[in-house]
Amino acid sequence: MKRYNFAPCHKTAFSCVLIDARLRNARLRDMGCLAFPQFFWPIPGKQAGDDILYRPQDYIGVADGVTQAELNFGNLVIGAPLGTHVLCPVDGKISSALLGYRNSWSCSLICFAQQTGNYEQDSLLFLEWDNMTQEKIHNTSLHVGVQTSDGKTVWIDGIRPTRLFKTGEKIHRGDTLGMVGYVYKRIKQPSISVSISKNSKADDPMTPFGLKTTFIPPKANNKTQLTHEEAQVDIDSMMLALEDAFPGLYDYTPKEELDSYIKDRMAAMGETIAIGDFEVLVLKLIGKIHDSHTAIISERKVQRGASGMRREAFRI
């Protein structure tokens, strides 16, 4: 760390305090921090920026031929010993509090409402009611949303709860939310994740902590077509997530039949496919699973984008 040497201050005490503040701010800038963070660091006894495992634009996991490294778009992942208290970073009110398991980093949450507020007891209920495995329970955690006065929602994931939360309940900076657990199966260290949204869009999770940000705001995707390779990657990723989420995925349609269906449809696709037509392909594929809780949610312009193909609701 740089040392800053100044001549003795011969002015007022206020001038000395001002010089001290400038020194502190200079040191913060050297560390990539800003001077006045709005949020409280959620790990007690640590400074803002300590023990960050992943920043926005980092990749989680290593491509191994089966799964791909996953882009961390808007989350700040912070490591800490298992069982460390997790503190609320901001004043607000509880907008959501659900136990969840991530099939993938960017989406695919299996959610379960808190029943007792005790992690061990609720996990056993989750295990029984949703056909979860012990491995998945290990990576199940509480996902808490805190709505702030400026309309943003701060999401803290990876928590092992110690009490029940109620929607609308007021909460304050520094209040204990629970304890550090495991936020995601591909992150082996105990950790939590902090992200921010406003109007259902991802927002910068670093600047409010006084950190130099790596967050890149989302841009509108005006893509109207996919290449064959892009479509194949999307289908493969979806099937991996479904296999992870559904123990009985092939109860109605055998795996060989489903694989053959995918292979035939992809072979007939050509070099490119319209986004809307690809959505129809995915809808029909999901229809073969016969699960009423699985759906595709897309923007209205995508729903209108199919080139003359009629949508069919999947049959249960």
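I located P42 in the loop between α1 (13–30) and β1 (52–54); helices (H or I, at least four residues) and strands (E, at least two) are DSSP runs, numbered from the N terminus. I note that this is a predicted model, in which local features need pLDDT of at least 70 and side-chain atom pairs count only at pLDDT 80 or more, while totals for chains, interfaces and linings use all residues. Residues are numbered from 1 along each chain as its sequence is written, and side-chain values use heavy atoms, with hydrogens and water left out.

**Entry 1: P42**

I looked up the accessibility of P42 and found a relative accessible area of 0%, so P42 is buried (buried means under 20% relative accessible area, exposed over 50%, partly exposed in between; 1.4 Å probe, protein chains only). Leaving aside neighbours within four places in sequence, I listed I78, H85, V86, L87, I192, V194 and F209 in contact with P42, where contact means heavy atoms within 4.5 Å. P42 and F209 are 167 residues apart along the chain, and their C-alpha atoms are separated by 9.9 Å.

**Entry 2: nonpolar cores**

I then turned to the nonpolar cores (sets of buried Ala, Val, Leu, Ile, Met, Phe, Trp, Tyr and Cys residues joined through side-chain atoms within 4.5 Å). The largest has 37 residues, and W41, L76, V146, I156 and L177 have the most contacts inside it. Elements that each supply at least two residues of this core include β4 (76–79), α2 (119–129) and β11 (176–180). The largest share, 4 residues, comes from β6. Not counting residues up to four places away in sequence, L177 touches V86, L87, C88, V144, I156, I159, F165 and I171. Another core, of 19 residues, lies apart from the largest one and has L226, M238, L242 and Y261 among its members.

**Entry 3: α4 and α6**

I examined helix α4 (residues 228–245) against helix α6 (residues 275–287): their axes come within 12 Å and cross at roughly 25 degrees. Axes are lines fitted to C-alpha atoms, for helices over the stretch in contact, and angles run from 0 to 180 degrees between N-to-C directions. The two helices are therefore roughly parallel to each other (angles under 35 degrees). The contact is made by A231, D234, I235, M238 and M239 of α4 and F278, L281, V282, L285 and I286 of α6.

I found N199 in the loop between β12 and β13 (201–203), with phi near 55 degrees, a positive value in a residue other than glycine. N199 is exposed, at a relative accessible area of 66%. S200 is in the loop between β12 and β13, has phi near 65 degrees and counts as exposed at 77% relative accessibility.

Note on methods: Angles under 35 degrees count as roughly parallel, over 145 as roughly antiparallel, 65 to 115 as roughly perpendicular and the rest as oblique.
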